[in-house]
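Please read the following note alongside the sequence and the structure. It is written as a set of numbered points for a reader who is new to such models.

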Amino acid sequence: MKPSSSLSNDQKLKICHHKAANPSIKQSALANWAMQEFKLSKVPTQGTISNILAKRQQYESMDSTELTSKRQRAVKHPELDNVLANWVLQCQARRVALSGDLIKEKARQFARQLELGERTPEFSNGWLAKFNIRHGFKAQKSYGESGSADLDAIDRNMPTIKEKLQSYSLQDIYNMDETGLFYRMAPDRTIARRQIEGSKKDKTRLTFVFAANADGSHKMEPLIFGHAQRPRAFNRKSGEQLGFYYRSNAKAWMTGLIFREWLQKMDQQMQDANRKVLLLLDNAPSHVVRDLPLTNVQVFLFPANTTSKIQPMDAGIIAAFKRRYRRFQLQDAIDRDEQQKADIYKVDQLIAMKWAKAAWNDISSKTIANCFKHTGLFERETQKNEVGSEEQDIENELEDAINQLPISRPMSVHELINPEEEQQVAHEEISDEDLIKLSSSQDQEEEEDGEVMDENPPMSTKEKLNVLHSCISFLDLSNPNHVIAHKVLRNIQFEIRTIEKKQTTLDRYFCKEY
């Protein structure tokens with residue numbers, strides 16, 4: 001029999017079970033095992049194995065017919081399935097007890113709103129069972145008094161939280177949180193107000209999901225939410241093709257389903273690294289962990305109404321990200337002002353995402369560890385180094401940049417990096433109407449997001465090298481900062497020349513062959 005390169009659903013389930021029986025096995029070793037076990041013609045890629053492991057619940061919910069298939073049976077009404085699942089998760093976050101009959105009735109209501117008409121399912125007990133299995137929902141029951149008002153006081157709960165943290169090393173304690181970003185917002189109070197109020201129309205807002213550990217040694221890749229799956233600035237490429245962990249929906253919001261995807265991905269990463277970690281989370285409506293089969297990530301939810309005081313991301317990490325993002329933005333605005341551009345704050349989504357990624361990567365481990373320390377959650381010292389001067393230097397740069405810009409009512413630096421509306425959009429509860437909109441945008445391929453940034457004509461290699469040579473000639477090597485710039489520019493020169501040499505060699509080879 002000729003070896004196959006594709007896997008059946010039953011084989012994918014066996015891969016999941018083999019991983020569960022051998023939790024320390026690496027994905028590369030698991031892929032080699034699968035090739036030998038199922039006599040495949042080639043080794044599955046790491047991405048294939050990762051996707052299979054993330055969908056274990058789906059394979060376990062399949063019947064014998066579906067398991068023998070090499071395709072997963074498509075959900076008949078994906079929009080209805082998504083909106084109902086997100087509604088259930090949101091109810092769980094509010095600690096609302098749901099019966100099976102109530103879920104079915106809500107499904108009928110959503111079906112009417114989605115105008116399914118004759119395509120409306122029967123909503124039988126069998127349909128409900130498959131829905132619950134598909135999303136890992138267990139039998140619904142009342143939560144009793146576990147959400148009582150005793151959790152409101154930080155002082156009362158601090159000993160319990162500290163005791164929990166003592167069981168983990170600093171590198172194994174993580175915090176995750178979301179924040180909105182009005183990525184074109186001007187540092188002008190009058191203009192910014194109009195921009196924020198109109199952000200739902202012009203869609204110049206992104207939501208970011210950040211996570212890092214307490215000693216600052218690991219910043220996880222940020223998850224970014226936009227309004228369109230492929231905005232014009234993406235040039236018909238996907239977020240993944242452009243190097244981003246990117247998701248989209250009509251509101252650019254975190255949903256319960258995507259949160260669960262993110263959390264299961266983190267759990268898989270920790271399995272691969274053979275680590276057991278603690279994840280600190282706030283009580284946002286989308287942060288529903290119930291019934292998720294996590295093996296290497298234990299979730300600890302902060303008491304309600306306490307996160308602004310004791311959550312590390314709120315204690316300065318997100319602010320550090322926004323300082324660095326706004327530095328990129330204002331530096332660009334000054335350039336555009338000098339070039340007499342009409343809208344000096346115009347930036348397309350892709351450039352904003354690149355600035356944001358660079359800003360996140362620029363935050364030092366010392367800054368992150370210091371923010372964890374300032375929460376008061378740790379009896380131990382995270383790091384003794386104080387980094388307030390680093391953040392103050394960036395704030396001074398921002399203030400200087402604001403003063404260089406043509407602004408009638410300038411914001412303070414604090415207003416620029418802490419607009420209240422950016423936090424509101426990240427943690428709002430989603431209405432039924434918005435749930436419908438979120439699910440309806442799943443198939444969206446492309447959407448206007450305002451003008452794409454003006455592109456300069458592409459430069460030849462000779463032109464690039466000439467510009468770099470001019471910059472290098474300007475430098476005064478008696479200035480330490482210029483010495484650093486000199487090294488960077490020389491490295492860029494080397495990269496450009498290396499790429500050009502490789503391209504020339506290829507061109508000569510093909511010309512010779514021709």
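This is a predicted model: local features need pLDDT of at least 70, side-chain atom pairs count only at pLDDT 80 or more; totals for chains, interfaces and linings use all residues.

1. The mean pLDDT of the protein chain is 80, and 78% of the residues reach 70 or more. Confidence is highest in helix 15, at a mean of 96, and lowest in helix 11 (residues 199–202), at 51.

2. Two stretches call for a separate remark. Over residues 140–153 the pLDDT is below 50, and this stretch has 27 contacts in the model beyond near neighbours in sequence. Over residues 441–451 the pLDDT likewise stays under 50, and the model has 33 contacts for this stretch beyond four places in sequence.

3. Helix packing comes next. Two packed helices are described by the angle between their axes and the distance between the axes. For helix 14 (residues 317–338) and helix 15 (residues 349–362), the axes come within 8 Å and cross at roughly 130°. The two helices are therefore oblique to each other, since an angle counts as oblique when it is neither roughly parallel, roughly antiparallel nor roughly perpendicular. The crossing of helix 14 and helix 15 is right-handed.

4. Which residues in helix 14 and helix 15 meet? On the side of helix 14 they are Ile317, Phe321, Arg324, Tyr325, Arg327, Phe328, Gln329 and Asp332. On the side of helix 15 they are Ala352, Trp355, Ala356, Ala358, Ala359, Trp360 and Asp362. By class, this contact has 10 nonpolar, one polar and four charged residues.

5. A second pair consists of helix 7 (residues 100–113) and helix 8 (residues 125–135), whose axes lie 11 Å apart at an angle of about 95°. Helix 7 and helix 8 are therefore roughly perpendicular to each other. Gly100, Ile103, Lys104 and Ala107 in helix 7 meet Asn125, Trp127, Leu128, Phe131 and Asn132 in helix 8. Five nonpolar, three polar and one charged residues make up the contact of helix 7 with helix 8.

6. Leaving aside residues up to four places away in sequence, Lys19 touches Ile25, Leu30, Leu53, Gln268, Gln271 and Asp272.

7. His469 belongs to helix 21 (residues 461–474). His469 is partly exposed, with a relative accessible area of 48%. The C-alpha atoms of His469 and Arg490 are separated by 9.0 Å, and these residues are 21 residues apart along the chain.

Definitions and conventions:
Residues are numbered from 1 along each chain as its sequence is written. Side-chain values use heavy atoms; hydrogens and water are left out. Axes are lines fitted to C-alpha atoms, for helices over the stretch in contact, and angles run from 0 to 180 degrees between N-to-C directions. Helices (H or I, at least four residues) and strands (E, at least two) are DSSP runs, numbered from the N terminus. Angles under 35 degrees count as roughly parallel, over 145 as roughly antiparallel, 65 to 115 as roughly perpendicular and the rest as oblique. A crossing is left-handed if the near helix is turned anticlockwise from the far one by less than a right angle, and right-handed if clockwise. Contact means heavy atoms within 4.5 Å. Ala, Val, Leu, Ile, Met, Phe, Trp, Tyr, Cys and Pro count as nonpolar, Asp, Glu, Lys and Arg as charged, and the others, Gly among them, as polar. Buried means under 20% relative accessible area, exposed over 50%, partly exposed in between (1.4 Å probe, protein chains only). pLDDT is the predictor's confidence in each residue, from 0 to 100.
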